[in-house]
Amino acid sequence: MNMIQAINSAMDVMMERDPNVVVMGEDVGYFGGVFRATAGLQAKYGKTRAFDTPITEIGIIGVAIGMGAYGLRPVPEIQFADYIYPALDQLVSEAARLRYRSAADFTAPITVRSPYGGGIFGGQTHSQSPEGIFTHVSGIKTVIPSTPYDAKGLLIAAIEDNDPVLFLEPKRIYNGPFHGHYDRPAKTWAGHPASEVPEGHYRVELGKAATVREGEAVTILAYGTMVHVVANTVEELGVDAEIIDLRTLVPLDIEAIEASVKKTGRCMIVHEATRTGGFGAELSALVQERCFYHLEAPIERVTGFDTPYPHSLEWAYFPGPVRIGTALQKLLKD
């Protein structure tokens, strides 16, 4: 399966297992979603369980919270993560606080799916990475898969979770892993070990990172598309790097991070979101607090820039092999 098919399979499995699971959003019903992630679900489960909504993100999330409080498990889609901001008040003030505010009398077991990130020439309104905003909010879990296998298992775990989950899907790798070279032919998931996705139910536990590559020279923390860009870059450069795919930002597998950095003595963080206030800043602080006496060089961050995502200069903004390679050379030289 590619990642779109794996995400579709996760929703199909959960809708079949639990009649309380419903899918909702703009064009997710009859049309099957702009990326076809919900294709066939309305035909299989009917218009009351896979349905289109008006173009109102605050309404989509507000209704989903109410449905969740009354016992359903909604999976609302925000068509692009760039459009999630109108729903911010509902997510932060209502969904994230409902369990705490009601002393657990009510919960908001909603899973908000949304494609995010650049690499497809979407420009400033279709390429943003807003994960750092939500990791700041107590009560919301933030999940970002990097493979079809993880996408299905993590999405099932998210839907089964009793708290709100923001499930961000890196659209650049929907159809295949990205090596980071925009001027080379694209790859598909065919033949990749993580494209072997079981048909039925399985879970990938939230809060558990994955070691994508073991190494001794440096620890690289990444998630989503950047996992593949980093992996390809270190292979091309011949760097003995250990790559940790975080998979979930909240809850964070800090134990895996700490163990790796203490082993290698060096740490680099790579993400596509803007630098200031990005999740990499939190990761850097945590590594500094827990691994200071093991660090042999300052922590490096390779990120997007503090600008809107530029259409014409997309590959200058995108943390690609050149910027990652330069940072690695600096880190290993210190």
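**Exercise 1.** List the buried residues of helix α8 in this predicted model, then find what they pack against.

*Solution.* 
Step 1. Apply the cut-off: buried means under 20% relative accessible area.
Step 2. Read off the residues of α8 that pass. They are T225, M226, V227, H228, V229, V230, N232, T233 and V234.
Step 3. Look for their partners. Among the strands, these buried residues pack against β6 (165–170), β7 (210–213), β8 (218–222), β9 (241–245) and β11 (267–274). They also pack against the helix α12 (321–333).

**Exercise 2.** Compare the span of α8 with the expected one, then look just past the helix.

*Solution.* 
Step 1. Helix α8 covers residues 225–237, which is 13 residues.
Step 2. From first C-alpha to last, α8 reaches 19 Å.

**Exercise 3.** Explore the loop between β1 (21–25) and α2 (41–45).

*Solution.* 
Step 1. Start with the backbone. D27 lies in this loop and has a positive phi of about 70°, although D27 is not a glycine. R36 is in the loop too; its phi is near 70°, again positive in a residue other than glycine.
Step 2. Are D27 and R36 buried, exposed or partly exposed? D27 has 39% relative accessibility, so it counts as partly exposed. R36 has 40%, so R36 is also partly exposed.
Step 3. Turn to F31, in the loop as well. Its relative accessibility is 44%, so F31 counts as partly exposed.
Step 4. Y30, F31 and V34 form a nonpolar surface patch, with about 370 Å² of accessible area together.

How values were computed: Residues are numbered from 1 along each chain as its sequence is written. This is a predicted model: local features need pLDDT of at least 70, side-chain atom pairs count only at pLDDT 80 or more; totals for chains, interfaces and linings use all residues. Side-chain values use heavy atoms; hydrogens and water are left out. Patches are made of residues with over 30% relative accessible area and no salt bridge: like charges are joined within 9 Å, nonpolar side chains (Val, Leu, Ile, Met, Phe, Trp, Tyr) within 5 Å. Accessible areas come from the Shrake-Rupley method with a 1.4 Å probe; for residues, only the protein chains shown count as cover. A salt bridge is a side-chain nitrogen of Lys or Arg within 4 Å of a carboxyl oxygen of Asp or Glu. Helices (H or I, at least four residues) and strands (E, at least two) are DSSP runs, numbered from the N terminus. Buried means under 20% relative accessible area, exposed over 50%, partly exposed in between (1.4 Å probe, protein chains only). The expected span of a helix is 1.5 Å times one less than its number of residues. Contact means heavy atoms within 4.5 Å.
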